[in-house]
Structures are given as C-alpha cells and as structure tokens.
Amino acid sequence: MAVSQSNREPIIEIDSLNVSFGRQDVLRNISLSVPAGQTLAIIGESGCGKTVLLKTIIGLVRPSSGFVKFDGQRIDQLTDQELTQERTRFGFVFQNAALFDSMTVAENISFPLRQHHPDQRAAHEESMLARLAEVGLPTAVLRKRPAELSGGMRKRVGLARALIMKPEVLLYDEPTTGLDPIVSDVINELMMRTRKKNPVTSIIVTHDMKTAQKVADRIVMLYPLARLAAGESQILFDGTPDEIERTKDRRVAQFIRGEAGDRLMEMNENAEEGMVI
Amino acid sequence: MSTGIEYAPRPRRNVLSVLTDPIADLGAVVLRSIETLGDMTLFAWQTLRWLLARLPSRDALYTNMYQIGVLSLPVVALTGTFIGMVLAVQSYSQFRAFGLETQLGGVINRTMFRELGPVLAATMLAGRVGSAMAAELGTMRVTEQIDALSSMGANPIHFLVVPRFLSCLLLIPSLTIMAVFMGVVGGAAYCVFLLNIDVHHYSANSKLYVENWDLLYGVIKSVFFGATIGLVSCYRGFHCKAGAEGVGQAATSAFVQSFVVIIVLDLFLSIMLDNVYSYLWPTSPMLLNG
C-alpha cells in the first residue's frame, strides 16, 4: 500500500527540519515526505519530539531551520491570514482532546464552522449532527460540558470537531493514550472508518504499537536526540507495518516489543551513582 | 513569541570568577528583563492590531464585561465606602486641632477623585479579575486549548485577549466612578453622622476643592490602569509554565506585576495630568489651593 502511495504527489514535505527550545535541540535534520491519502504513524518513546513534529507541520511551532511544505507552500513563509486559511484544511486531534471548558459539546464541535462561516448558522447543526453520528456519540451529549464526559468520549468529541471542516489532513496526537484497551480499539476503528469515508491524509503520533500496526500504511520511528551519536539520523525506521516486524535494528525491535533492555542497566547505574554521592 | 533563551548561571571556576560571575548573573537578569519587556510590547502591539482589525464577537465581549465589570461592582463599592470612612477617621484629629474639621470633605473627596478611587478600583480589578484571567488563560495554555484555537484557524489574541482587554478598558472608568462615589458617600456619612460635622459647611467646602477636572483626572488614570491589567494578566496567562505550579505562578505574577506597573504609572500620570491642568487653566484658583 505504501509503495503505491509513494507514487502520489506529496501533500506534506519536511526538509532538513531542526527545532530547538532555547539550548535544547528537539528535532535534528528531519526529512519526510507524506503522499496524499497516506496514513503515517510516527512512533517513538516519550520526549523524542513526535508531538513537536506534529505541531511544526501545522505551524504551531516554528522551525529553527529547515521547513515544512504543505501542498507546495512553505508553512513558515505564510502570512498570518494565509496560515489561518491553510489551517482550515487540517484537523487536529489533541492528546487530551483540548476541548474548550467554557463551551458545551455542541459549541465545541461547531466552533470552527462558527469561526469561518458565521453566516451559515442553519447548516451548522446539520453538519454537527452528521459528525457526531460519525464518531458514534448520542445527541444527548451535545448539551454537556467537556468536564462531564469520560476520556474516550472527549477524544471522540475532539475527533468530531477536527472533522467538521472536512479537512484534507488529519493530525492525531496520541489518540489512544490514557484510554482502556476497549476504548482504544474504538478510537482505532474510528480512525480507520474516517479514512474510508473521507479521502484524508492522516498523521498519527503514538507510542501505542497496536494503533500503529492496525491503522497505519507507513511507520516512522523517531529516537530522542540525547541518545543518538553526533550526526546519526533521528529517524531510526521508515517503512511499512510488516517491515517493522522484521527490523534488525535493536532499538526499534526493543520499542515495538516494549522491552526495557539497556534502560534497566542505565537505571541501575544511576541508582549506584546516587548511592555513592 | 518568547524566544525561550535561557541564561544559566555560570559554573564557578577560579578566583577571578568570584568577581566576574555576579556581573554575568546581573547581565543575565538585565537581558531577561529586556527580553520580557520586548515580548510584552509585541504582545500589546498584536492586541491593538487585532482590536483595530476586527472587533470581538458580541457574545465574547458581553460575557467578559459581565465577569469583569458587573461582578466586580459590589466589592469595589464596599471597599470604596470603607476607604472613604477610613480617610475621615485618619484626618479628623489633625484637622480638628486647627479647627478645620469642616474642610474634611475637600480632602476626602479630592483624594478619592484623584488617587484612591482609581487606584482602589484598579487594585480590586487586578486582584479579582487579573489573577483569574491569568489562571484561566494559563490553564488553557497548559491543556493545549490555545493551540487548539490556533489549529482551527482562530487567532488566540483576537479570540481570548481582545475581549478581556476591551472589557477592562471600557469598564474600569465605571468601577472607578463607583469607588469614588461610595468613598465620598462613606466619608460624608462618617463625618456628618458620627463626627457630627455640620452638613452645610462640609458640603460647601467639599464643592470648593473639587471640580469636574478631578473626576476626569481619575477616569483618565483608570483607563491606563485597565489597559495595564488586561495586557499584563493575559500576557502572563499566555506565557504560563506547565503544571499546576505554573498556573499558580501566572496568577500571582499577573497581580503583582499589574500592581507594580499601576503604582509606577500613577506617579507619572499624576505629574503629567497636573502639568496638563496648569497648561490649560494657568489662572485657576485650584492651582493656588492645591
């Protein structure tokens, strides 16, 4: 699948991207190309810069050097108005849904429509109900506040909100983190259904291998810079879900199997060091 | 907007570093302050730009006006009343020693109109509303709600800061007038009913020392104070550090920094407005009295 899609025009191109916060480098020399319609999972351990990469794609984080191109345009060179316009072509599902506490579920889902098409209020409700049905939530939740919802429901409302503008690209930040296995699988199914119903390109940041294996056409693994040698690529793996199973890279294999490996030795060394001090 | 540059203390290396390190640390503090000031100026500029480019929605503006203005009225009125009475208590014995107790109204009213009214209303607003705004926006920052706004093509400054800034700016004059009015009433009530000062003389002397300019003087100051509270509190919320501690710090620093700026501004505005008055009305008898 990934092979056939690689022939398509890339909708997102990342070229020699570097991101730093103060003196801390988070991303180093990342280059990636995402063809339209592909579902890409970015995996890696906590702190490797997955979320930062996702936020850089949509222009929430500015690169230190390098660039992200969306549909042929460099995101960092857009004016505020152009960026606002381009962002309506994205849907972003945040890790903890990031629903607005002060609004009801209905107001949350219809927020992008009210923001960009304030004169078409009549169409908003129809669109909102369609998205709510798509994520399998009852209409009774519409009047509730985010604080009254469970974690899984909040994620689904977040997905409905991300879908309301019929985006071309969906960005998911840890969509299954903090959910029980059943609700996690519900979210996985929803992501797959969304892709079937809408011709979207999806980028899923996750450390849940089940999600990556089930939903993605292609998997990219990032590694924390602090653990890499100078000049070593931060992308440890780029291939299909089948290929990752057969990988010979010890660090990739360790991650997909969830083994602590040399981290245990590191922990013991740190503990010993602490005792000496 | 913040560049996030860290100026870490340098490790002490040799005898000479004992002398150079404090200078380096001082330089780091100065650089950090300049960076924050520049960042805050950019924030204020963006807020003004969005304010002029597009007015906020009526719903957002009314909700903030209610929270900031209407709900602050009782506390401003109450503190204003008591400050007026406290002024009467503190001044009475000294004025009485010179037989000038009927002049108390002039002192209380002029102080309320020019100083205590605007500063009191601003302090209450910074404490009640500024901290709450910083905490609310800080929580929104920490829980990625501000990022969510941006990702949906809504500008957070236009959507979150402009309505709060505008509400502070538009409603602080009303709160100041309320504080002044209640202070005048409180001071008069205390003098007339508890200190038994003759109401006719009290009232006549009050009018002698206070004119419309004094009310305008307080209102002009309050507009600057309102703008300060709106900008500083929203800036602190937007630049909140992660976690509950970060939100707490944002709320505290919003109040402390607003208050410090208000007091410093108060001095400069007083000097400036006195100069404006003497320029506009050089022969006014108030200049001789005041």
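Colleague: Why is Phe159(B) called partly exposed?

Modeller: Keep in mind that this is a predicted model. In it, Phe159(B) has 19 other C-beta atoms within 10 Å. A buried residue needs 20 or more, and an exposed one has 12 or fewer. The value of 19 lies in between, so Phe159(B) counts as partly exposed.

Colleague: Where does Phe159(B) sit, and which residues does Phe159(B) touch?

Modeller: Phe159(B) belongs to helix H6 of chain B, which covers residues 156-194. Leaving aside residues up to four places away in sequence, Phe159(B) touches Leu149(B) and Ala154(B). A contact here requires C-beta atoms within 7 Å. As for Phe98(B), 61 residues from Phe159(B) along the chain, the two C-alpha atoms are separated by 58 Å.

Colleague: What makes up the secondary structure of chain B?

Modeller: Chain B has 10 helices and zero strands. Read along the sequence, the pattern is α-α-α-α-α-α-α-α-α-α. The C-alpha trace spans about 70 × 60 × 40 Å along its principal axes, and buried residues account for 43% of the 290 residues. Taking contacts in chain B between residues at least 6 apart in sequence, 87% join residues at least 24 apart.

Colleague: Which residues of chain B does UniProt list under "transmembrane region"?

Modeller: The unreviewed UniProt entry lists residues 65-89, 168-195, 215-238 and 250-273 of chain B. In the model, residues 168-195 of chain B are 96% helix and 0% strand, and the end C-alpha atoms are 38 Å apart. Residues 215-238 of chain B are 100% helix and 0% strand, with 35 Å between the end C-alpha atoms.

Colleague: Let's move to chain A. What makes E2 and E5 of chain A edge strands?

Modeller: The open sheet has four strands in the order E2-E1-E4-E5 (chain A), paired antiparallel. Strands E2 (24-35) and E5 (73-74) of chain A each have a single partner strand, so one side of each is left without a neighbour in the sheet.

Colleague: How do you know that E4 and E5 of chain A pair?

Modeller: Pairing needs at least two bridges. Strand E4 (residues 65-70) of chain A and E5(A) have two bridges, in the antiparallel sense, so the pair meets that cut-off. Lys69(A) stands opposite Arg74(A) in E5(A).

Colleague: Why is strand E9 of chain A described as mostly covered?

Modeller: Five of the five residues in E9(A), residues 218-222, are buried. Both faces are covered: Arg218(A), Val220(A) and Leu222(A) lie on one side, with Ile219(A) and Met221(A) on the other. In a regular strand the side chains alternate between the two faces of the sheet.

Colleague: Which strands pair with E9(A), and in what sense?

Modeller: Strand E3 (residues 39-43) of chain A pairs with E9(A) in the parallel sense over four bridges, and Ala41(A) has Ile219(A) as its bridge partner. Strand E10 (residues 235-239) of chain A pairs with E9(A) in the antiparallel sense, also over four bridges. There, Leu222(A) stands opposite Ile235(A) in E10(A).

Colleague: How many residues does each chain bring to the contact between chains A and B?

Modeller: Chain B gives 14 residues and chain A gives 20. By class, the side of chain B that touches chain A has four nonpolar, seven polar and three charged residues.

How values were computed: Residues numbered from 1 in each chain as written. Chains lettered and ligands numbered in written order. Predicted model: local features only at pLDDT ≥ 70, side-chain atom pairs only at ≥ 80, totals over all residues. Contact = placed C-beta atoms within 7 Å. UniProt positions renumbered as here; feature names shortened; annotations may be inferred. Nonpolar A, V, L, I, M, F, W, Y, C, P; charged D, E, K, R; others polar.
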